[in-house]
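Me: I'm new to this one. Can you walk me through it?
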Amino acid sequence: MLDFGMEIADWSRVDPALCLTDADGLSASAHYHRQLLQDVMGRAGFVNYAEEWWHFSYGDQLWAYVTGNPVAIYGAVER
């Protein structure tokens with residue numbers, strides 16, 4: 001198991017500041033793993049919701065805002 005500074009399942013039981021992607025006071029290991037996750041997901045086109053280190057978006061309004069796209073990607077799935 002990788003050290004991210006907390007278990008994702010604990011998000012409702014820890015100080016909300018610990019859920020921040022760039023939370024203060026993280027161990028070097030937790031900081032490294034959070035950064036690695038951001039880097040990998042970013043290369044795949046996802047953006048991180050900075051209030052929750054585990055939360056990534058693609059195609060929604062946050063993604064459009066962060067990436068500078070004029071619109072979010074919504075619509076029916078073509079079959």
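Me: What should the 16 residues of H2 span at 1.5 Å a residue, and how far apart are its end C-alpha atoms?
Reply: This is a predicted model. At 1.5 Å a residue, H2 should span 22 Å, and its end C-alpha atoms are 22 Å apart, which agrees.

Me: Which residues of H2 are buried?
Reply: Ala30, His33 and Arg34. Seen down the axis of H2, the buried residues fall within an arc of 100 degrees, so they line one face of the helix.

Me: What do the buried residues of H2 pack against?
Reply: Helix H1, residues 16-19.

Me: And which exposed residues are on the face of H2 turned away from its buried side?
Reply: That face carries Ala28 and Arg43.

Me: Where is leucine 36?
Reply: Leucine 36 sits in helix H2, which covers residues 28-43. Its relative accessibility is 35%, so leucine 36 counts as partly exposed. Together with Tyr32 and Val40, Leu36 forms a nonpolar patch on the surface, with about 270 Å² of accessible area in total.

Me: What comes just after H2?
Reply: Glycine 45, which takes a positive phi of about 100 degrees.

Me: Changing topic: how many salt bridges are there?
Reply: The count is one salt bridge. Aspartate 10 pairs with arginine 13, and the closest N and O atoms are 2.4 Å apart.

Me: Are those two buried or exposed?
Reply: Aspartate 10 has 23% relative accessibility and so counts as partly exposed. Arginine 13, at 61%, counts as exposed.

Notes:
Residues numbered from 1 in each chain as written. Predicted model: local features only at pLDDT ≥ 70, side-chain atom pairs only at ≥ 80, totals over all residues. Heavy atoms only, no water. Patch = residues over 30% accessible without salt bridge, like charges linked within 9 Å, V, L, I, M, F, W, Y side chains within 5 Å. Areas by Shrake-Rupley, 256 points an atom, 1.4 Å probe, with all protein chains shown as cover. Salt bridge = Lys/Arg side-chain N within 4 Å of Asp/Glu carboxyl O. Helix = DSSP H or I, 4+ residues; strand = E, 2+ residues; numbered from the N terminus. Buried < 20%, exposed > 50% of the residue type's maximum accessible area, 1.4 Å probe, protein only. Expected span 1.5 Å × (residues − 1). Arc of directions from axis to C-beta. Contact = heavy atoms within 4.5 Å.
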